[in-house]
Amino acid sequence: MGRVTAAQAADELLNIIGIDTSFVLYPDGDRIIVSARSIGDTNVQVILEKLGGGGNAAAAGGQIQGKTLDQVAQELAQAIDQYLEE
């Protein structure tokens, strides 16, 4: 699975009824790649900035080095929770 495939997966998840925001994580060597998409009110850039990523409100991504997939998933969940609390 490559970065392009992750981005495509994030896009395709938005085709599911009721899904307006998606996050795809995958390991790539010593880093974790995150791809995020939104077609709703969620600003994925703001969420991924907390993990060192960037992009725009509708499409964002990041590369996190030196952490496991589980660690990044937990940090992402915390970033989403913080975003929703604001």
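**Close-up views of a predicted model**

At 36% relative accessibility, Lys-50 counts as partly exposed (that is, between the buried class, under 20% relative accessible area, and the exposed class, over 50%, with a 1.4 Å probe and protein chains only). The model is predicted, so local features need pLDDT of at least 70 and side-chain atom pairs count only at pLDDT 80 or more, while totals for chains, interfaces and linings use all residues. Residues are numbered from 1 along each chain as its sequence is written, and side-chain values use heavy atoms, leaving out hydrogens and water.

**View 1. Lys-50 and Glu-86 meet in a salt bridge.** The N to O distance here is 3.3 Å; a salt bridge needs a side-chain nitrogen of Lys or Arg within 4 Å of a carboxyl oxygen of Asp or Glu. Lys-50 sits in the loop between α2 (44–49) and β3, and Glu-86 in the segment after α3, so the pair ties together parts 36 residues apart in sequence. Helices (H or I, at least four residues) and strands (E, at least two) are DSSP runs, numbered from the N terminus. Glu-86 is exposed, at 67% relative accessibility.

**View 2. Lys-67 and Glu-75 form another of the four salt bridges in the structure.** Their N to O distance is 2.7 Å. Lys-67 is partly exposed at 33%, and Glu-75 is partly exposed at 25%.

**View 3. Four strands make an open antiparallel sheet in the order β1-β2-β4-β3.** Strands pair if DSSP finds at least two bridges between them. At the edges, β1 (21–28) and β3 (54–55) each pair on one side only. Helix α3 (residues 69–85) packs on the sheet and touches β1, β2 (31–38) and β4, contact meaning heavy atoms within 4.5 Å. The direction of α3 makes about 160° with that of β1; axes are lines fitted to C-alpha atoms, for helices over the stretch in contact, and angles run from 0 to 180 degrees between N-to-C directions.

**View 4. Here we look at the hairpin of β1 and β2.** Eight bridges join these antiparallel strands, and Thr-21 has Ser-38 as its bridge partner in β2. Two residues lie between the strands, and Gly-29 takes a positive phi near 70°. Arg-31 forms a salt bridge with Asp-28, with the closest N and O atoms 2.7 Å apart. Arg-31 is buried at 18%, whereas Asp-28 is partly exposed at 29%.

**View 5. Phe-23 lies in strand β1.** Not counting residues up to four places away in sequence, Phe-23 touches Ser-35, Ala-36, Val-44, Ile-47, Leu-48, Leu-76 and Ile-80. Phe-23 is partly exposed, at 21% relative accessibility.
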